[in-house]
Number of protein chains: 2
Amino acid sequence: MTRLSRDDIVAGAGKRFATHGYHGTSMRDLGDDLGILGSSIYSHVGGKQELLVAVVERGAGFFVEAARDAMATDASPEDMVHDLIAGHIGVLLDHRHEARTYLTEVDFLDPVAQQRVNDIRDTYEEAFRSTISAGVDADVFRKDCDPRLATIYILSILNALDRWYDEAGRLDREAIVNDIYRFARAGLK
Amino acid sequence: MTRLSRDDIVAGAGKRFATHGYHGTSMRDLGDDLGILGSSIYSHVGGKQELLVAVVERGAGFFVEAARDAMATDASPEDMVHDLIAGHIGVLLDHRHEARTYLTEVDFLDPVAQQRVNDIRDTYEEAFRSTISAGVDADVFRKDCDPRLATIYILSILNALDRWYDEAGRLDREAIVNDIYRFARAGLK
DNA sequence: CCTACCGATCGGTAGG
DNA sequence: CCTACCGATCGGTAGG
């Protein structure tokens, strides 16, 4: 057993926060998961709140990265919406704990970190909004479609995924991406 | 200042749980909100977990009631989907704290209560599923529409509402109901 | 509903 | 990363 890294601690915190919530997790709980004492965590991080910040910012970063990748192509607005959806679902499934903590515990961030995370979130949502907006301008989406509302609707569907979707179940990843894409695209038309 | 009722305590708990989470709320916090001591709460209820159960079951009950009302008409499947959406949004806005606690703190319920609440939730979702299913059978919705998935998508949009929608803002209640209904209906067609 | 209190647990620190 | 510990706060109770 070699010494744990800071990333190990943050990953463990993500798992605990995602399943038990920030306030439902004690430093001793977290230490138990990691095989060390709660007090030993303080040799890696400054405190519990610092761990929440690290987990949430990691989660937010994954989403922004995925959006940047999707936007980096010259795909049509329709295809780009598909890619944004696929990217979001990829993050949700590949980084479940960080994604979920980002989505559910952001309210418990100290005000400074919360502002920072909300700015990141706005950047991310802007990728959806501008793509949908481009589709409206290109007449491929409805003229009276409000990109802001449509973005919220699509992200609402996406963010709820981790509460019910099981990748080992009937629908594989491609199937759920396509089904949600079809539902969303219909709403945009 | 007359003695508080059990309902007052449960309402106060709903407000606190909705904003700070179950684990982020202490009995003393709750007492402060109510103008009594934390220990005084125990003359009304058996404990903190009992309060969570009461709040969550109240929230769940409102939704089931709304669904029953919507289903009690002989409206077309399309109109009934509209009414179910309107009913859900009504509960969300008229009973924000209970609805939110029901949606976000259900994981912290003891296993017995959690099972009960999940059964109630399933009954509620069945109202959406069967209505959509009837629409598919009547050829008003797409033949390859999966009522189970469509229900999840619509409820995802609905449940995310309380995190961003402000009734005092640009969109009044009727407008948001209609906009979500249109988006959802398009996805069903 | 308050006074007075309980043991357990909390986040966190000093020193090694 | 552990030992040993701190003061604060936790959910909850006895008795009035």
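Predicted model: local features only at pLDDT ≥ 70, side-chain atom pairs only at ≥ 80, totals over all residues.

Student: What makes R28(A) a polar contact of a base of DNA strand C?

Tutor: An N or O atom in the side chain of R28(A) is 2.8 Å from a base nitrogen of DNA strand C. The cut-off for a pair of N or O atoms is 3.5 Å, so the pair qualifies.

Student: How do the residues of the surface near DNA strand C divide?

Tutor: They divide into 5 nonpolar, 9 polar and 3 charged.

Student: Turning to the two protein chains, why is the pair D107(B) and R100(A) called a salt bridge?

Tutor: The N to O distance between their side chains is 3.6 Å. The rule asks for a side-chain nitrogen of Lys or Arg within 4 Å of a carboxyl oxygen of Asp or Glu, so the pair meets it. Across the interface of chain B and chain A the rule finds 4 salt bridges.

Student: Which element gives the largest share of the side of chain B that touches chain A?

Tutor: Helix 8 of chain B does, with 9 residues. That side of chain B is made up of 15 nonpolar, 7 polar and 9 charged residues.

Student: How much area do chain B and chain A bury between them, and which three residues of chain B supply more than any other three?

Tutor: The two chains bury about 2500 Å², 63% of it on carbon and sulfur atoms. Y153(B), W164(B) and F183(B) supply 28% of the area that chain B buries against chain A.

Student: Why is D139(A) called exposed?

Tutor: D139(A) has a relative accessible area of 57%. Exposed means over 50%, so the label holds. D139(A) is found in the loop between helix 6 and helix 7 of chain A, and its phi is near 65°, a positive value in a residue other than glycine.

Student: What is phi of D139(B) near?

Tutor: Phi of D139(B) is near 70°, also a positive value. D139(B) counts as exposed because its relative accessibility is 57%.

Methods. Residues numbered from 1 in each chain as written. Chains lettered and ligands numbered in written order. Heavy atoms only, no water. Buried area = accessible area lost by both parts, 1.4 Å probe. Helix = DSSP H or I, 4+ residues; strand = E, 2+ residues; numbered from the N terminus. Nonpolar A, V, L, I, M, F, W, Y, C, P; charged D, E, K, R; others polar. Buried < 20%, exposed > 50% of the residue type's maximum accessible area, 1.4 Å probe, protein only. Polar contact = N/O pair within 3.5 Å; in protein donor to acceptor, adjacent residues only side chain to side chain.
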